[in-house]
Amino acid sequence: MFVKIHSKYADQSEAVKRLVANFLNSGELVVQGSRNAIKTNFLGEEKVSIKFFQKPSFLKAIMYSFFRSTKAKRSYEYANYLIENNINTPFPIAYVEFKNRWGLLQESYYICKHIAYDFTIRELIHDPLFPDRTSILEQFTIFTFQLHEARVHFLDHSPGNTLIVKKGHQNFDFYLIDLNRMTFENLSVEKRMDNFKKMWLSKAMVKIIAKKYAALLPYDESKLLELLMKSSQDFKRKITRKKYLKRKIGKK
């Protein structure tokens, strides 16, 4: 077992190890995916989230063991980068890796503070009358702009991967989660707009975001709207086509 723990939690190393050792038998299940699972539990009196990354395939185990950081390690390191750049994410506490006697990765865990959030962008997509919808989208645009200015290209920028906490009247905090897939680079205007494509935005939402982002950059609003609309629609068509082909193949 390899444990990397944040200096603020250095005195709780053994408690972190116990959380991981008892992951299957304790805590509250939040997400059960085909490959990963997320549970909440308590580290002392503090509620934390624990993400479990299951044993990878043999080839991926070689890759993660010798050529690329594990998903747990990347989650931890990327969270630290975000916080250093004043971008909200649940505070990173530790990551844990298990390897076999040949040094091949078996499973890994990422532990962070738990965020009691109110909703995500997904709710705004499904409810055009969601309270403060325009204000939330504008503030979400500022949050994404800050990501881009910090050279963060978040590859999983999708409706459920930003937690939103209501702080007061038309005042919201945003927390980025599911961090293991991002790159760090100077983003062109085209890449910045393309980064919104997985949000599955309606035309009305696209207009709000384009207007706000154009003011922040600054950039011609009509050109930005055109870029964002095209990227969003192209992505929707791509996903729709994939689903159609999948259904068609399944019927054969």
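How many salt bridges does the structure hold? The structure, a predicted model, holds 12 salt bridges. The legends below describe selected close-up views.

**View A. Asp156, Arg181 and Lys198 are linked in a network of salt bridges.** Arg181 lies in the loop between β10 (171-176) and β11 (182-184), whereas Asp156 lies in the loop between β8 (152-154) and β9 (162-168), so the pair ties together parts that are 25 residues apart in sequence. Asp156 is buried, with a relative accessible area of 15%; Arg181 counts as partly exposed at 35% relative accessibility.

**View B. Lys191 forms a salt bridge with Glu185.** The closest N and O atoms of this pair are 2.8 Å apart. Glu185 has a relative accessible area of 19% and is therefore buried, the cut-off being under 20%. Lys191, at 36% relative accessibility, counts as partly exposed.

**View C. Asp194 and Lys197 meet through their side chains in a salt bridge.** The N to O distance is 3.4 Å. Asp194 counts as partly exposed, with 30% relative accessibility, and Lys197 is likewise partly exposed, at 24%.

**View D. Strand β5 pairs with β1 and with β6.** Strand β1 (residues 2-5) runs antiparallel to β5 and is joined to it by 4 bridges. Between β5 and β6, which also run antiparallel, there are 7 bridges. Ala94 of β5 is the bridge partner of Ile5, and in β6 the bridge partner of Ala94 is Ile111. Of the 8 residues of β5, 6 are buried, so this strand is largely enclosed by the rest of the structure.

**View E. Leu104 occupies the loop between β5 (92-99) and β6 (105-113).** The hairpin of β5 and β6 has 5 residues between the strands, and Gly103 takes a positive phi near 85° there. Leu104 counts as buried because its relative accessibility is 11%. Not counting residues up to four places away in sequence, Leu104 touches Phe58, Ala61, Ile62, Ser65, Phe66, Phe98 and Lys99. The C-alpha atom of Leu104 is separated by 43 Å from that of Leu124, although the two residues are 20 residues apart along the chain.

**View F. Tyr244, Leu245 and Ile249 form a nonpolar patch on the surface.** Together, these residues have about 320 Å² of accessible area. Ile249 is found in helix α8 (residues 221-251) and counts as exposed at 59% relative accessibility.

Notes. Residues numbered from 1 in each chain as written. Predicted model: local features only at pLDDT ≥ 70, side-chain atom pairs only at ≥ 80, totals over all residues. Heavy atoms only, no water. Helix = DSSP H or I, 4+ residues; strand = E, 2+ residues; numbered from the N terminus. Buried < 20%, exposed > 50% of the residue type's maximum accessible area, 1.4 Å probe, protein only. Contact = heavy atoms within 4.5 Å. Patch = residues over 30% accessible without salt bridge, like charges linked within 9 Å, V, L, I, M, F, W, Y side chains within 5 Å. Areas by Shrake-Rupley, 256 points an atom, 1.4 Å probe, with all protein chains shown as cover. Salt bridge = Lys/Arg side-chain N within 4 Å of Asp/Glu carboxyl O. Pairing = 2+ DSSP bridges.
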